[in-house]
Amino acid sequence: MFHQKSDTAWRLTPLAVSMCALVCSVPALAQDVGSRADAKRPTVSRAKATSPNATINLVNMLVKQGVLKEEQAEALIKQADDEAYVAREAAKGATMRAEEAAKTAGAAAAAASPPGTKHVTYVPEVVKRQLREEIKRDVMAKAQTENWASPGKYPEWAQRIRFYGDLRARYEGQFYPTGNDQGGAYNFNAINTGSPYDTADANVYNAPTYNASQNRDRARLRMRLGADIDINDQFTAGIRLASGDSNSPVSTNQSLGTTGGNFSKYALWIDRAYARYEPWNELTFSIGRFDNPFWSPTDLVWHKDLGFDGFAVQAKHEVAEGITPFIVAGAFPTYNSDLNAGINLTNANTGQYEKIPSNDKWLFGAQMGVGAKFAPYSALRLSAAYYDFTNTQGRQSSLCLVVSSNDVCDTDMTRPSFAQKGNTYKSLRNIFVDPSSAGAPTAQFQYFGLASQFRPVVVSGQLDLGEFHPVHVVLDGEYVNNTAFNRSAITAVAVNNIGPTVAGGPPGVYDGGNQGWMGRVTVGHKEVKRLWDWNVHAGYKYLESDATIDAFADSDFGLGGTNLKGYFIGGNLGISDNVWASLRWMSANNIAGVPYSVDVVQFDLNARF
């Protein structure tokens, strides 16, 4: 691009001039001379002067070399000065607008922030991302725990509670044939839970009796509401409230129109309250008040709704395909003496007052059995159980002076706190007769206790034939024998369940017994859950007076208790999902003692939720 002369002077070729023109374009000149905007407009002589600016010097050099004319150089410098001035003014305006915007934003932030607020003018992006992730994790963890970020979901603790319940409306009719002995139908439960009965009263019609002659009907309601609670993987708990006329252990039915009538409100009872520990699926420990832990296919011995108070352990283990032995054991207080019995007696040896001894009653039970599944829907189950009711038999008191119904004897607490009917009773009080009364009638205020001890053995079985599943044929059977029964001892003290007196012969004697059995066949769906599900059943029951304790037996057949025999039929029909109707007919007769028969019909409308 350059050619050297002999005198070593450099001279620009036309190509060099063109490149210089490109390099020294107007924008570059504008930048170089921007600082000279306030000076006077350049002249030719000024272009010839020496300048500290390299670009101006280059223009002057081009003029000296003759590449540019002075007029061209002046025009270039003027154009550069003008554009530099415009650029500078635009920059000033932008700077002023930015300062005003910053002042406005600062004022707004100051107005929006309370005193003492500190502002961070700059947070590194990596810190921002870290903060966002930490906040997101914390918020999502809380949202998942409490479920407030999921519409329609309950908090975690609420999901561990499962509510359930059922409602039953019932019509019940009671029909008595002629020939029942109303005078002999003593209601020992009314006596033992109230004032003692004066057996010396010549007017026997004052004795409490249960109805044995008047047909009755009643509308009844049963309501139960419960909750199962998962505490953790091994512990659960349960509670249930239920309706009921009283604290009867075998009925949660509430007869409508009672408790004063006139639409009076009804009571609720604690029907279940328990804790359960299940370290693995085959072993369970229960404590509190819970369902019957013993397998019982019928209500021969245990009423189907009976709750057990106490402690129980249940274990099972499959030893071969379809073969599962099981075992159940438990201890249950059936009566606990008041810590302050409220009864003072004089000790014959010390002459001091003291409380009568306690009489806690217990049930101890054990059951062993095995279940066998021999087809997809068919199974067989068998079991044998032994139960021991301790301190349940009534005991005769020491010699006791009784002059009014308020007096107390030392074995009064051995009487049953609840009973239905059927068991054999004996007098508890050994009442002192004042010899100075000279034959005048002396009050005999008596309580009554159970005449027999109870240690029943129960054998149970169920055969489920499911060849036509979902329709099944189920055969249930149960047998009970009270191994503690002593006929001769009971005969000596019994005050009921005595056979008829033969005219001109000796008085009747005790004719109760210690055995019972029941058989039933059911055809249809095993459980009625959906519309048009159905089943029908028929069976026969025979339960002698002292085969088991009447307080815990079925409360419907014969209107409750033991010493009953007869047949029953019934059926269930689903009329909607979880809603079904039931109809039962039960015909019962006394086995021993005075004549007693009753037919009971029940029509139910049931709902489950």
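Predicted model: local features only at pLDDT ≥ 70, side-chain atom pairs only at ≥ 80, totals over all residues.
Residues are numbered from 1 along each chain as its sequence is written, and side-chain values use heavy atoms, leaving out hydrogens and water.

**View 1. The aromatic pair of Tyr176 and Tyr596.** The whole structure holds 22 aromatic pairs (rings of Phe, Tyr and Trp, the latter by its six-membered ring, with centres within 6.5 Å; planes under 30 degrees apart are stacked, over 60 edge-to-face, the rest tilted). Tyr176 and Tyr596 form a tilted pair, 6.5 Å centre to centre with 55° between the planes. Tyr176 lies in the loop between strand 3 (161–175) and helix 8 (188–192) and Tyr596 in the loop between strand 26 (579–590) and strand 27 (597–608), so the pair ties together parts 420 residues apart in sequence. Helices (H or I, at least four residues) and strands (E, at least two) are DSSP runs numbered from the N terminus. Both Tyr176 and Tyr596 are buried (under 20% relative accessible area; exposed is over 50%, partly exposed in between; 1.4 Å probe, protein chains only).

**View 2. The ring pair of Trp302 and Tyr387.** The ring centres lie 5.1 Å apart with the planes at 85°, so this pair is edge-to-face. Trp302 is buried at 4% relative accessibility, and Tyr387 is buried at 2% relative accessible area.

**View 3. Arg381 over the ring of Phe326.** The charged end of Arg381 sits 4.5 Å from the ring centre of Phe326 (a charge sits over a ring if NZ of Lys or CZ of Arg is within 6 Å of the ring centre and within 35 degrees of the ring normal).
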